[in-house]
Amino acid sequence: MLSCDCPVCPAERAAGVYHREARSGKYRLTYAEAKAVCEYEGGHLATYQQLEAARKIGFHVCAAGWMAKGRVGYPIVKAGANCGFGKTGIVDYGIRLNRSERWDAYCYNPNGKECGGVFTDSKHVFKSPGYPNEYENEQICYWHIRVKYGQRIQLQFLEFDVEDDTACMADFLEIYDSYDDINGFVGSTAEVPPIPVARVTDLSFL
């Protein structure tokens, strides 16, 4: 069980479609890597039609990602000057001839477990799937918390209970203070963690 009080907003997921970045940060996945990420989580790269269906019910992400058949684009619900060129719909970069280009990924898994997301609100409580009951086996969650430049993040763990393993080889929580997996690494724990304060935080619950 894991419950955390911190700045969050609804996860970027709708109609079985969700957005994934590489663990090392934004725009780091080749087509093959993006495909592997989705398949590892039990799904596959979303088609253009699946991404559009998700967009129509509110799925909005300002980040280009791989789709099925080597296509790249991103869904815009609300027009804005800083994203989507002031238009709504799927911003479509088309089918890429160079599959080694690096983007994010849009995965599709209608049976996927609701877990993780990108959060921006001032305060919220988020929980592991099934809380207060035990989470399922092979559960992997990524929470990314974003705040404006100069702001800080405080994480308060209201309840923390994972499988006993001080070596962190079974269940554990990792915290990063940036997109960088190495330089931004704050710590990993299988016990009740202290209250960390950071600027940009990635929470990985495995």
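I looked up R71 and found this residue partly exposed, with a relative accessible area of 25%. For this term I used a 1.4 Å probe on protein chains only: buried is under 20% relative accessible area, exposed is over 50%, and partly exposed is in between.

The model is predicted, so I took local features only at pLDDT of at least 70 and side-chain atom pairs only at pLDDT 80 or more, while totals for chains, interfaces and linings use all residues. Residues are numbered from 1 along each chain as its sequence is written, and side-chain values use heavy atoms, with hydrogens and water left out.

**Salt bridges**

I counted five salt bridges, taking a side-chain nitrogen of Lys or Arg within 4 Å of a carboxyl oxygen of Asp or Glu.

R71 meets D92 in one of them, at 2.6 Å from N to O. R71 lies in strand β6 and D92 in strand β7, so this pair ties together parts that are 21 residues apart in sequence. I took helices (H or I, at least four residues) and strands (E, at least two) as DSSP runs, numbered from the N terminus. D92 is partly exposed at 32% relative accessibility.

I then checked E39, which forms a salt bridge with K35, the closest N and O atoms being 2.8 Å apart. Both residues lie in helix α1, four residues apart, about one turn of the helix. E39 is partly exposed at 43%, and K35 is partly exposed at 34%.

R96 forms a salt bridge with E101, with 2.8 Å between the closest N and O atoms. I noted R96 as partly exposed at 22% and E101 as partly exposed at 21%.

**Disulfides**

I found two disulfides, defined as pairs of cysteine sulfur atoms within 2.5 Å.

In the pair of C38 and C107, the sulfur atoms are 2.0 Å apart. This link is left-handed, with -75° about the S-S bond. C38 lies in helix α1 (residues 31–40) and C107 in strand β8 (residues 104–108), so the pair ties together parts that are 69 residues apart in sequence. C38 is buried at 0% relative accessibility, and C107 is buried with a relative accessible area of 0%.

In the pair of C62 and C83, the sulfur atoms are 1.8 Å apart. I read 120° about the S-S bond, a right-handed link. C62 lies in the loop between α2 (48–56) and β5 (65–66), and C83 in the loop between β6 (71–76) and β7 (89–95), so the pair ties together parts that are 21 residues apart in sequence. C62 is partly exposed at 37%, whereas C83 is buried at 11%.
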